[in-house]
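Please look over the sequence and the model shown here. The notes that follow are grouped by topic.

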Amino acid sequence: MPRKDAGKDALYAAISRRMIESGEWERISDLLLKRLNEAGWVDQVHHESKETARRADSTPVRQLLEQLKPHAESTVPPAVRQEVLAVIRQYLDSQIER
Amino acid sequence: MADFALPQGCPHLADLDGEEEKESMLKRYRTVVSWHLARRHAAAHPAKRRKLAAPACAACQITLSRPFVCLQCFHTACWREAHIHDHLRDAGHSFCADSKSGAIYCLDCDDFVYDTSFTNVLYETSVTASERFTSVKGRKEPYKAWRPEGKDNTALEGAVALPCQGRRGLLNLGQTCFLNAILQSFLANPLLRNYFLSDRHNDKLCAAKDCMSCEMDRLFTEVYSGKGGPLGPISFLSTTWKASPAELSGYAQQDAHEFFIAALNQIHATSKGKTAASCICIVHTTFDGLLQSDVRCERCGNVTSTTDPMLDISLEIEPKGAAAAHDATLAACLRRYTQPEKLALNDYTCGKCGKASHASKRLSIRKLPPVLSFQFKRFEHPTADKSSARKVEAPVRFPASLNMVEFTTQAVKAGAPAPKGKGAPDVSYPGPDSLYEYDLFAVVCHEGSIDNGHYLCYTRHQDEWYRYDDDKVTHSTLGACLGAQAYMCFYVKRHLDYKPYSTPSYVKAREAEAVKEKEREREKAARMREVEDALLDTL
């Protein structure tokens, strides 16, 4: 692995640890889930997953996840994405130089 | 009796039934689940902000927000990079749990699996945790899992398992789709179903005439009898006509919501032990909530609060005076419903400063009912003239699961500006989410125009949706139900509150009356004997 990426990974690991320990991660996940639910995304993904699983005789769960992930990720409403990204950015800004 | 197949469980987990290994897995599972609940509580609780426990994946060292834990040795790893799978394979273990959802994964099945004893542990642990974290203590009876004992076991021995679902179409008796759609929503209502199927109002024992509760009892009996084919709700309709001759009789098209309210009132009126206030009848224990209205005087800041009982909530789809093109969601409607609203200058005279003043009124939900019903105001009647009525066609998006916390009085108060001179607002923690979560179980839809339309209903049994169009019943999907033009939708609380069992006063009165009656009979018999003895003596 190139050195630059290793540095990035270490930074990512440190930030995510800090976010989880402070409870910020949980709060942001809750916000994301709430917005996605109101936008209908949660129900849409639930519907698609269920109907996909129904069509196939028996699909192992990991295969099902692989299959559904790209579409689910691409249908996150832009407004929700922007709002949650802004919250994360704000948190990161508040953590730098302290 | 119709056969019904239980979903196939995991054979690997079933092999462990009765083994010590399973007991220790259940113990570990309880630890994992309670650990997660305690952490969630700490994260949500603003008063206790300290560092949270954050385990790392044993393989990649990344901190886990959602650790997966081996149920055979507590090894903790991540799902994303499949490090938990690596562990299971290397250690020869089979099962791990997702700490967040409590789901159990079996390596040999390569799937999430379900097992009653684990489900029970999950339920018990989460209910106990929510009780521990709730600020309102003492009002509720602590949760105790039901474990059959002596008498229950004897009763269970001879019992035959019956399917707990019934699906029958209802014949249209001449523009009666409004009735059919509402009846299907009643039939899918778990609280009404449990009440009537447990024989709490038996139509064979009830002497009342034109009794709506008897109609409900007969309807549930018929639909859950296991018989197929559609049903003609003839006596239900005729009882409705007799009960509300002015509003609902005749063959004209009727409003489903109007019928819903009329039917609830009639069921209440024919329930045993009904009272005018805080009634314990099935209608009020199921649908009754409390709405709070706070009127704030803009001049002196004085707030006058009143509460009103509510059986359902009627929501405007479009904001008054706004363009129709906007994204209407149930939550947006509810936010508008609980927004402060300016009252006209002459509408309000403050009780404190005694002057007519500008005031704002704000609604919030003081007490959430076990079953929450919403009506979307699709039919507008701007004037008394019938021809001016119009239908709002705009779709409204509503979720399969709904959290009501932000519309409660507690939350609305916490978000409002502090009353003058009282310092910081009292931001109290409203308690765990489980107190506010609701699941959708029925949707009544209206198709077509205002004077020539058709009602139908979607209802849910467990995770399957069915579409009821009068006598036609079809298997449907969540997507189809959520995409329909909803007129009313019904949610049931995910975790019901319970209080200590106490015999209702009307039952006590009846029992006391029975004891007295026996006493009187005994006295009468004793007197008769005395007379007979006296007679015998004289002979």
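Of the 539 residues of chain B, 29% count as buried; a residue is buried if 20 or more other C-beta atoms lie within 10 Å of its own, exposed if 12 or fewer, and partly exposed in between, with C-beta atoms placed from the backbone. This is a predicted model, in which local features need pLDDT of at least 70 and side-chain atom pairs count only at pLDDT 80 or more, while totals for chains, interfaces and linings use all residues. Residues are numbered from 1 along each chain as its sequence is written, and chains are lettered from A and ligands numbered from 1 in the order in which they are written.

**Chain B overall**

- The C-alpha atoms of chain B fill a box of roughly 95 × 85 × 55 Å along the principal axes.
- Chain B has 16 helices and 19 strands; helices (H or I, at least four residues) and strands (E, at least two) are DSSP runs, numbered from the N terminus.
- Among the contacts in chain B with a separation of 6 or more, 63% join residues 24 or more positions apart; two residues are in contact if their C-beta atoms, placed from the backbone, lie within 7 Å.

**Domains**

- Chain B is divided into domain 1 (11-45 + 55-155), domain 2 (177-278) and domain 3 (289-493), with bounds from an automatic or database domain assignment.
- Taken over C-alpha atoms, the centres of domain 1 and domain 2 of chain B are 42 Å apart.
- Chain A is divided into domain 1 (1-39 + 77-98) and domain 2 (40-72), and 26 Å separate the centres of these two, again over C-alpha atoms.

**Helix α16 of chain B**

- Helix α16 (residues 505-538) of chain B has 34 residues and reaches 49 Å from its first C-alpha to its last.
- That reach is close to the 50 Å expected at 1.5 Å a residue, the expected span being 1.5 Å times one less than the number of residues.
- The number of buried residues in α16(B) is 0, so this helix lies largely in the open.

**Where the chains meet**

- In chain B, 22 residues are in contact with 20 residues of chain A.
- On the side of chain B that touches chain A, the elements giving two or more residues are α2 (20-44), β5 (111-113) and α15 (478-483) of chain B.
- A:Asn37 lies in helix α2 (residues 24-38) of chain A and counts as partly exposed because it has 18 C-beta neighbours inside 10 Å.
- Leaving aside neighbours within four places in sequence, A:Asn37 is in contact with A:Val42 and B:Pro399.
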